[in-house]
Number of protein chains: 2
Amino acid sequence: MEQPIRYHLIKKEKHTGARLGELITPHGTFPTPIFMPVGTQASVKTMAPEELQEMGATVILANTYHLWLRPGSPLVKEAGGLHQFMNWKQGILTDSGGFQVFSLAKRRGITEEGVTFKSHLDGRLMFLSPEKAIHIENDLGPDIMMSLDECPPFFESYDYLKASVARTSRWAQRGLQAHRNPNSQGIFGIVQGGGYEDLRRQSAQDLTSLDFAGYSIGGLSVGESKAEMNHVLEFTTPLLPENKPRYLMGVGTADSLIDGVIRGIDMFDCVLPTRIARNGTCMTSQGRLVVKNAQYAHDFTPLDPNCNCYACRNYSRAYIRHLLQVNETFGIHLTSYHNLYYLIHLMSQIRQAIQDDNLLDLRAQVFEQYGFNQKNAKNF
Amino acid sequence: MEQPIRYHLIKKEKHTGARLGELITPHGTFPTPIFMPVGTQASVKTMAPEELQEMGATVILANTYHLWLRPGSPLVKEAGGLHQFMNWKQGILTDSGGFQVFSLAKRRGITEEGVTFKSHLDGRLMFLSPEKAIHIENDLGPDIMMSLDECPPFFESYDYLKASVARTSRWAQRGLQAHRNPNSQGIFGIVQGGGYEDLRRQSAQDLTSLDFAGYSIGGLSVGESKAEMNHVLEFTTPLLPENKPRYLMGVGTADSLIDGVIRGIDMFDCVLPTRIARNGTCMTSQGRLVVKNAQYAHDFTPLDPNCNCYACRNYSRAYIRHLLQVNETFGIHLTSYHNLYYLIHLMSQIRQAIQDDNLLDLRAQVFEQYGFNQKNAKNF
């Protein structure tokens with residue numbers, strides 16, 4: 001039987017570890033590397049699906065934990081799955097719910113069986129196991145599902161992380177066995193292990209010995225430095241098979257996307273572009289721009305003069321600032337549109353740079369725009 | 001010099017006072033009767049201009065009071081006027097700010113000169129005169145401006161209303177004289193007089209003796225019954241010239257639109273469709289539907305099975321209910337889109353019914369959908 005999720009490597013960049021490829025899903029074949037907008041509650045905040053498609057989004061995320069609580073996975077299943085429920089015709093990926101259980105909910109305890117926690121909405125006691133996570137995701141019906149992992153803090157003790165990695169591996173195997181729709185959905189295993197090379201190696205070994213459709217790298221972008229994140233990627237991605245997609249979870253700044261791609265990552269997601277948009281912060285070719293600031297009150301230029309998105313083609317900083325000042329949601333819609341477009345367009349530039357073998361030039365250009373330190377570029 | 005705003009009467013309906021016509025503005029010629037969506041703060045809540053155009057909106061409203069406070073009319077002027085500021089290429093109408101001064105703000109006192117009040121935002125003492133209102137509207141740059149009127153409660157005493165009507169007439173004349181852009185903007189006078197026929201006649205006489213581009217009927221939909229409103233329209237619209245547009249301010253229920261058209265009204269506006277949308281209430285061919293209700297949790301049919309709007313073509317009641325439950329603004333966007341489409345589509349049906357001389361049939365059909373009492377249909 002052929003896996004519903006496959007990866008096709010097209011080309012490696014000459015000077016870095018970057019890969020140009022294709023992610024093959026039941027809802028289309030998409031060029032990688034990609035950035036995936038997050039639609040936590042079955043809606044990418046303020047965005048219509050047609051707008052996401054128009055800006056070039058191909059795979060979007062939804063959060064299992066949130067949808068499990070509201071409206072509940074049986075209802076989504078009854079609707080015909082997430083694609084039909086939310087009117088999104090291309091790829092969908094769901095996380096396992098684990099990250100939210102460990103961050104949002106009040107946790108009661110982890111056992112071999114799973115994790116008991118209180119809902120962050122009403123305090124109701126709930127239980128999530130590797131099997132339960134996969135069954136919820138089977139009901140939600142995304143193309144790509146995550147297996148349940150524990151996501152401990154980056155600076156957790158070695159002994160704790162070692163036991164946690166071993167348990168996450170056992171959970172991964174249980175999740176694979178619980179999978180009810182192997183013809184239409186693929187599961188990714190999640191490599192954990194904090195900052196420890198031997199634990200990351202153990203985790204990768206455990207998971208690659210199982211037949212996952214792809215591999216996620218978890219436990220990063222949770223408080224460690226960018227140098228530490230890059231370092232972990234440098235020794236982790238080489239442990240993953242070339243013929244499977246690699247997904248770095250929860251990363252969405254321009255510099256981290258480029259540095260992740262350079263280290264062999266194919267897929268990224270993050271709430272950052274829509275979250276900061278709600279505070280009026282925009283990602284631009286001139287670095288970050290806080291359009292709410294008073295200095296833009298009479299500025300009739302677009303958010304980013306070098307951007308061709310809907311917001312930049314039609315509206316001024318002054319108008320968007322006004323909308324944000326008076327709490328008109330159309331303002332947040334415009335900043336969200338712009339930020340998502342920025343990252344999706346950046347990924348398209350990155351793919352072109354891999355094709356042209358000049359990704360480090362693009363990196364230098366973007367880092368200069370943001371005033372970032374240029375070091376760490378070549379340690380991939 | 002030709003008025004920038006003109007009205008062309010095409011046809012009267014055979015059995016009622018309804019008029020099919022055209023409103024000619026510097027930003028296009030639009031068939032009437034029309035419903036005008038309200039964009040209080042230079043944005044029709046949650047809607048992109050392209051979406052409004054796609055659903056058939058032709059003229060939209062903006063509120064002078066709100067824009068005067070934020071971002072301030074000089075800034076809008078600096079932006080090139082409202083059309084350019086908010087990226088709306090068709091007609092714009094602004095009110096005078098009077099209604100908000102008399103409803104939102106804390107009023108300090110009315111004199112012959114104007115009205116002193118405290119801003120509802122920061123308590124700042126402000127002053128609005130007929131000249132000031134027109135100058136602010138000149139800065140905002142809409143196609144159609146309202147002259148400053150006093151909008152007293154419907155059940156105010158006869159003596160008060162009589163004095164108020166006289167003052168509103170004097171204010172109207174002062175506003176006309178203060179107008180700085182007579183080549184590109186037209187002013188409407190506002191007929192007041194509560195429920196008193198002689199006061200409405202006096203007001204209409206005063207205003208029609210001046211060269212206004214059109215006439216508004218104010219002081220309705222402020223607490224009186226529908227029968228009372230219809231009664232006032234019946235004796236007021238015949239007092240207005242046939243060759244000018246007639247605008248009933250603040251009215252936006254399906255039944256009142258039809259009953260207004262039957263009595264010779266050409267233009268309507270109301271925040272109702274977007275306001276009730278935010279509470280999940282939808283106007284449908286089956287009457288009002290509160291999609292937030294639990295009964296729709298598993299309902300995978302559209303908001304209105306007979307509607308062809310974007311929301312109804314693509315999303316279910318269950319999905320929209322979910323979005324509203326979890327506070328995703330895309331849910332409010334969909335209900336707002338639907339309600340605006342409903343009223344704009346209703347106006348298009350009304351225009352067809354005037355053309356076909358069967359408006360009373362359409363009235364009976366809509367009133368049955370909403371379970372309304374059918375009386376008052378023929379007292380026009």
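Trainee: Why does A:Cys270 count as buried?

Mentor: A:Cys270 has 12% relative accessibility. Buried means under 20% relative accessible area, exposed over 50%, and partly exposed in between (1.4 Å probe, protein chains only). The value 12% is under that limit, so A:Cys270 is buried. A word on the background: this is a predicted model, where local features need pLDDT of at least 70 and side-chain atom pairs count only at pLDDT 80 or more, while totals for chains, interfaces and linings use all residues. Residues are numbered from 1 along each chain as its sequence is written, chains are lettered from A and ligands numbered from 1 in the order in which they are written, and side-chain values use heavy atoms, leaving out hydrogens and water.

Trainee: What makes the contact of B:Glu328 and A:Lys45 a salt bridge?

Mentor: The rule asks for a side-chain nitrogen of Lys or Arg within 4 Å of a carboxyl oxygen of Asp or Glu. Here the N to O distance is 2.6 Å, so the pair qualifies. Across the interface of chain B and chain A, the rule finds 2 salt bridges.

Trainee: How many residues are in contact between chain B and chain A?

Mentor: With contact meaning heavy atoms within 4.5 Å, 33 residues of chain B touch 33 residues of chain A.

Trainee: Why are strand S8 and S9(A) said to pair?

Mentor: Two strands pair if DSSP finds at least two bridges between them, and strands are DSSP runs (E, at least two residues), numbered from the N terminus. Strand S8 (residues 115-118) and S9, both of chain A, share 4 bridges in the antiparallel sense, so they meet the rule. In one of these, A:Thr116 has A:Phe127 as its partner.

Trainee: What makes strand S7 of chain A an edge strand?

Mentor: The open sheet has the order S7-S8-S9 in chain A. S7 (106-110) and S9 (125-128) are its edge strands, as each pairs on one side only.
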